[in-house]
Amino acid sequence: MDFVSRPPTAVDDTRGRVAGLRELRQRAVHGPSARATGAQRARGKLTARERIALLLDEGSFHEVEQLRRHRATGFGLEERRPYTDGVITGWGTVHGRTVFVYAHDFRIFGGALGEAHANKIHKIMDRAIAAGAPLVSLNDGAGARIQEGVSALAGYGGIFRRNTRASGVIPQISVMLGPCAGGAAYSPALTDFVFMVRDISQMFITGPDVVRAVTGEEITHDGLGGADVHAGASGVAHFVHDDEETCLADVRYLLSLLPQNNRENPPAAVPRDPPDRRGEALLDLVPADGNRAYDVCRVIGEIVDDGEFFEVHEGWAQNVVCALARMGGQVVGIVANQPRTLAGVLDIGASEKAARFVQLCDAFNIPIVTLLDVPGFLPGIEQEHRGIIRHGAKLLYAYCNATVPRISVVLRKAYGGAYIVMDSQSIGADLTYAWPTNEIAVMGAEGAANVIFRRLITDAADPEAERARLVEEYRARLTHPYHAAERGLVDDVIDPADTRPVLIAGLEMLRSKSAKLPYRKHGNPPQ
């Protein structure tokens with residue numbers, strides 16, 4: 001009788017009815033049974049209400065439709081009508097700012113979505129959009145409630161439509177705390193950020209049994225759609241954690257870096273780190289030799305407030321780094337090539353990752369700082385056949401379409417089309433700087449000399465000596481550190497140690513930037 005929700009004992013006076021209401025609420029809060037709660041804990045998972053308590057400020061949660069029950073019949077459903085119908089919805093605060101939330105309760109119908117369940121989610125999504133506040137979904141459900149048939153599928157359609165309407169209007173965060181299969185996986189994919197927890201969360205369109213039946217391939221649930229798969233291979237998950245507590249703590253931290261909606265700026269903080277602090281360590285972090293690798297995350301740590309930044313998609317497309325941080329107390333988005341991985345080249349994954357991040361920053365009024373050290377796009381048959389042209393164009397489109405303040409700094413190499421794509425002055429960067437180690441060119445001196453002087457090198461008495469001489473001649477004429485500055489392609493060549501104060505001064509100047517795009521229904525970006 002776990003799912004039977006009996007009405008309280010009828011009492012005629014008001015005090016008795018209030019007592020009955022309290023009894024109903026107590027049943028709704030405690031859930032279907034101790035056995036169901038024990039089963040949830042045996043899976044290593046928290047209950048939906050425990051998760052909400054970790055996410056929101058203490059005592060701030062206001063629940064909506066706690067006493068909602070489904071009205072479906074057939075297959076025994078009329079005998080199983082628990083309160084909440086398997087989803088807890090409402091609003092509260094995170095760091096004192098309003099946040100809307102819904103959480104699947106796996107103890108009730110396995111968190112499966114039915115008509116009443118979906119209507120509760122629709123209502124809270126509509127309220128989040130109307131109030132202009134972030135929406136966080138705590139997902140732990142088994143998909144559509146099969147017993148309710150097509151009504152359940154229509155419920156998912158309503159969620160997808162609202163996800164799309166809210167895109168770029170309010171921040172949407174999906175936290176995967178259990179299975180998410182079939183069409184249900186598309187809602188998180190439509191949101192801004194996806195968090196996953198190892199061992200307990202999986203996402204896939206078709207599960208291992210279907211894969212085995214159709215293709216004959218054997219794979220586990222985690223091997224097919226586990227947290228590490230989506231963080232490192234597919235790019236579906238932005239953040240991965242080992243437990244729910246640290247996961248939800250990071251959701252709270254992420255919300256502290258985001259505005260309430262697209263009409264507001266991100267929340268500022270009083271900086272403890274002096275805005276004019278010089279970064280002497282930067283003089284040694286980046287080797288002048290363009291063939292030597294380094295970790296660009298150390299560069300980022302030197303220029304942001306207190307060395308703190310929140311990397312997005314850390315495990316996927318690691319040849320580019322995307323992160324949220326503060327500079328001078330103001331939130332910024334940072335895009336940086338990572339020479340430690342694939343020499344920092346742009347490939348399909350890096351282009352998609354950076355493009356998505358640039359669009360997010362532009363949607364929510366977050367200025368963008370781009371750190372360039374890029375030798376070009378990754379060559380290869382696979383990249384060309386998989387569409388590096390259209391995928392690279394996504395990043396180009398994202399930057400060209402962005403109207404937030406944009407500042408770029410060339411740390412070292414900036415070659416060819418990749419230099420243009422990485423927010424060069426020609427595609428609309430508001431300020432462009434370069435370090436004295438910069439080398440901005442169509443291609444590296446060696447490659448350029450081999451193309452331009454091929455015949456001279458071939459005909460020379462000593463081809464290798466002639467090649468070396470011509471390489472140095474090309475480098476001296478076209479790739480020296482001040483070539484771009486002399487032609488106005490960068491605004492200044494700066495001392496690397498001054499990068500932080502220069503960037504903060506530029507961002508402060510651009511804070512009042514106003515830029516409008518031509519009227520259009522929407523663009524048609526490359527896909």
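**Cavities, a buried histidine and an enclosed strand**

H104 is buried, with a relative accessible area of 10%; buried means under 20%, exposed over 50% and partly exposed in between, for a 1.4 Å probe and protein chains only. The model is predicted: local features need pLDDT of at least 70, side-chain atom pairs count only at pLDDT 80 or more, and totals for chains, interfaces and linings use all residues. Residues are numbered from 1 along each chain as its sequence is written, and side-chain values use heavy atoms, with hydrogens and water left out.

H104 lies in strand β3. Strands (E, at least two residues) and helices (H or I, at least four) are DSSP runs, numbered from the N terminus. Beyond residues up to four places away in sequence, H104 touches A48, R51, G86, V87, G111, H117, I121, L138, N139, D140 and G141. Contact here means heavy atoms within 4.5 Å. A polar atom of the H104 side chain lies 3.2 Å from the backbone nitrogen of D140.

H104 is also among the residues closest to the centre of the largest cavity, together with N139, Y156, C180 and A184. A cavity is a set of points on a 1 Å grid, over the protein atoms alone, where a 1.4 Å probe fits but cannot get out; lining residues have an atom within 4 Å of a point. Points are joined across faces, edges and corners, and a volume is the space filled by probe spheres set on them. The structure holds three cavities of 30 Å³ or more.

The largest cavity has a volume of about 140 Å³. Its lining comprises 17 residues. At least two come from each of β3 (97-104), α5 (150-166), β6 (179-181) and α6 (186-189). Eleven are nonpolar, six polar and none charged. Ala, Val, Leu, Ile, Met, Phe, Trp, Tyr, Cys and Pro count as nonpolar, Asp, Glu, Lys and Arg as charged, and the others, Gly among them, as polar.

The second largest cavity has a volume of about 40 Å³. Residues lining this cavity include L372, Y419, D423 and V490. Its lining has six nonpolar residues, four polar and one charged.

Strand β7 (residues 193-197) has five of its five residues buried, so it is largely enclosed by the rest of the structure. F193, F195 and V197 cover one side, and V194 and M196 the other. β7 runs parallel to strand β5 (residues 172-176), joined by four bridges; strands pair if DSSP finds at least two bridges between them. I173 stands opposite F193. β7 also pairs in the parallel sense with strand β9 (residues 239-241), over three bridges. There, F195 stands opposite F239.

Notes:
On a 1 Å grid over the protein atoms alone, a cavity is a set of points where a 1.4 Å probe fits but cannot get out, and a pocket is an open set with protein on both sides within 12 Å along at least five of seven lines; lining residues have an atom within 4 Å of a point. A polar contact is a pair of N or O atoms within 3.5 Å; within protein, one must be able to donate a hydrogen and the other to accept it, and residues adjacent in sequence count only if both atoms are side-chain atoms.
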